[in-house]
Amino acid sequence: TIVTDKSKVSPVNSKNRPFPLEWTRNIGIAAHIDAGKTTTSERILFYSGSVHKMGEVHEGTAVTDWMEQERERGITITAAAISCAWNASCGPWKGIKQRVNIIDTPGHVDFTAEVERSMRVLDGAVAVFCAVAGVQPQSETVWRQANKYGVPRVAFINKMDRTGADFFRAVSEMREKLGANAHPLFIPIGKEENFAGVVDLVQNIAYMFIDPADMDLNPTRHPIPAEYAAQAKEYREKLIEAASDFDDKLAEDYLNGEEITSDALMTAVRKATVSMKFTGVIPGSAFKKKGVQRLLDCVVNYLPSPIDVPPMKGQDSDGKEVEVVVDDNAKLAGLAFKLWTDPFVGKLVFYRVYTGTLQKGTSLYNPRTRRSERVSRLVLMRAMDREEIDAAYSGDICALVGVKEVITGDTLCNEDYDVRLEPPSFPEPVIAMS
Ligand code: GDP
């Protein structure tokens with residue numbers, strides 16, 4: 001749902017919300033070990049977590065200082081979920097701050113059950129691959145789990161600066177090994193030590209990394225370099241063709257030889273991505289300022305908000321299947337997805353609200369134990385600090401203080417709404433092979 005005007009949000013939004021449900025992204029970052037998940041996450045947190053919160057751009061040393069400080073504290077991405085904000089530099093939400101909740105998905109193959117559990121709380125994911133190693137065996141496991149749980153993805157081909165990096169080979173491997181309908185949204189300008197920028201195929205412009213001013217939050221847009229013009233045209237056409245399979249209007253316009261606007265193409269790609277039929281691929285390097293901001297733009301522009309995904313399924317007290325539809329004004333139901341001890345706040349339960357509004361001080365019913373416990377405090381975990389909040393709304397992720405008799409995977413709901421949430425059982429999506 002593309003809503004750019006606060007007054008036009010869906011009625012499921014409560015009047016008290018600080019920002020609309022449509023402006024939320026709950027995403028995970030999934031990767032094979034060593035592909036660069038940690039580095040990419042740190043970069044994402046840097047750009048969306050600290051820069052935006054402080055409302056200004058910090059360049060140069062501030063970046064490293066912050067990262068080092070966080071590393072020392074050792075808490076950056078070990079938290080189960082961190083709330084950030086991102087103003088996309090293009091697309092329908094350009095300049096409108098979106099809430100991006102980064103949910104940690106365990107990367108190690110031994111934690112498959114835990115991966116599956118965390119998949120339940122994601123609406124979308126960034127799949128990180130190494131541009132040198134390509135699609136590795138463990139990526140296949142995570143990919144299949146994301147398919148099973150219906151998690152739409154964008155792919156980030158990381159380490160484009162390394163010797164032997166090959167963006168297009170990685171895209172081919174995604175198709176061959178993962179059966180993904182993978183298509184570049186950007187193509188790299190240069191590679192290895194000369195990886196100097198990207199061409200945005202949707203907008204038909206280039207971003208250059210060599211110009212420091214370029215990687216600001218409002219980057220400069222360059223014309224596509226002449227030597228990349230032909231390749232960019234070829235891949236833009238491929239992208240339009242691929243997106244046309246899921247958008248009749250786009251297909252018709254394309255066949256009639258009409259010019260395809262960036263907006264039309266973006267909308268079609270978004271629709272195809274959200275419906276799990278398509279994966280856009282972005283080249284980058286988590287090192288330095290090479291593409292992670294464009295990745296964040298893609299998170300906002302292509303991955304779904306909580307209102308764009310099918311409703312969570314659950315069972316009522318008689319074991320009858322029910323749908324839990326997102327609505328701030330409905331009774332509360334949510335999922336405890338991780339227990340965690342924060343060095344500053346203490347014992348926490350990470351919780352995703354699926355429907356209703358959770359007020360601080362409420363008693364939450366646990367259908368498994370058939371008991372209720374009072375939530376004494378609600379905490380929003382951010383990259384640099386924690387914020388005490390009074391309420392969490394549908395689609396929000398927060399940390400609960402005070403509830404003790406909880407295990408991962410428990411539903412916590414209003415006392416008069418006895419429901420157990422279960423993983424949505426989506427059919428394997430039909431993959432359109434290219
Ligand atoms: P994880 O295991 O997926 O979390 O991977 P890490 O983020 O820990 O990265 C694995 C290794 O690759 C580390 O030595 C990183 O410094 C390095 N690395 C990560 N991103 C990049 C990149 O973009 N370029 C290069 N050259 N190295 C990277």
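Me: Why is A333 called buried?

Reply: Buried means under 20% relative accessible area, exposed over 50% and partly exposed in between, with a 1.4 Å probe and protein chains only. A333 has 0% relative accessibility, so A333 counts as buried. The model is predicted: local features need pLDDT of at least 70, side-chain atom pairs count only at pLDDT 80 or more, and totals for chains, interfaces and linings use all residues. Residues are numbered from 1 along each chain as its sequence is written, and side-chain values use heavy atoms, with hydrogens and water left out.

Me: What makes K177 and E173 a salt bridge?

Reply: A salt bridge is a side-chain nitrogen of Lys or Arg within 4 Å of a carboxyl oxygen of Asp or Glu. The closest N and O atoms of K177 and E173 are 3.8 Å apart, and the pair forms a salt bridge.

Me: How do you know whether E173 is buried or exposed?

Reply: The relative accessibility of E173 is 15%, and therefore E173 counts as buried. K177, in contrast, has a relative accessible area of 42%, so K177 is partly exposed.

Me: Which residue forms a salt bridge with D410?

Reply: D410 pairs with R368, their closest N and O atoms being 2.7 Å apart. This pair links distant parts of the chain, 42 residues apart. D410 counts as buried because its relative accessibility is 5%.

Me: Why is R368 called partly exposed?

Reply: R368 stands at 39% relative accessibility, so R368 counts as partly exposed.

Terms used. Helices (H or I, at least four residues) and strands (E, at least two) are DSSP runs, numbered from the N terminus.
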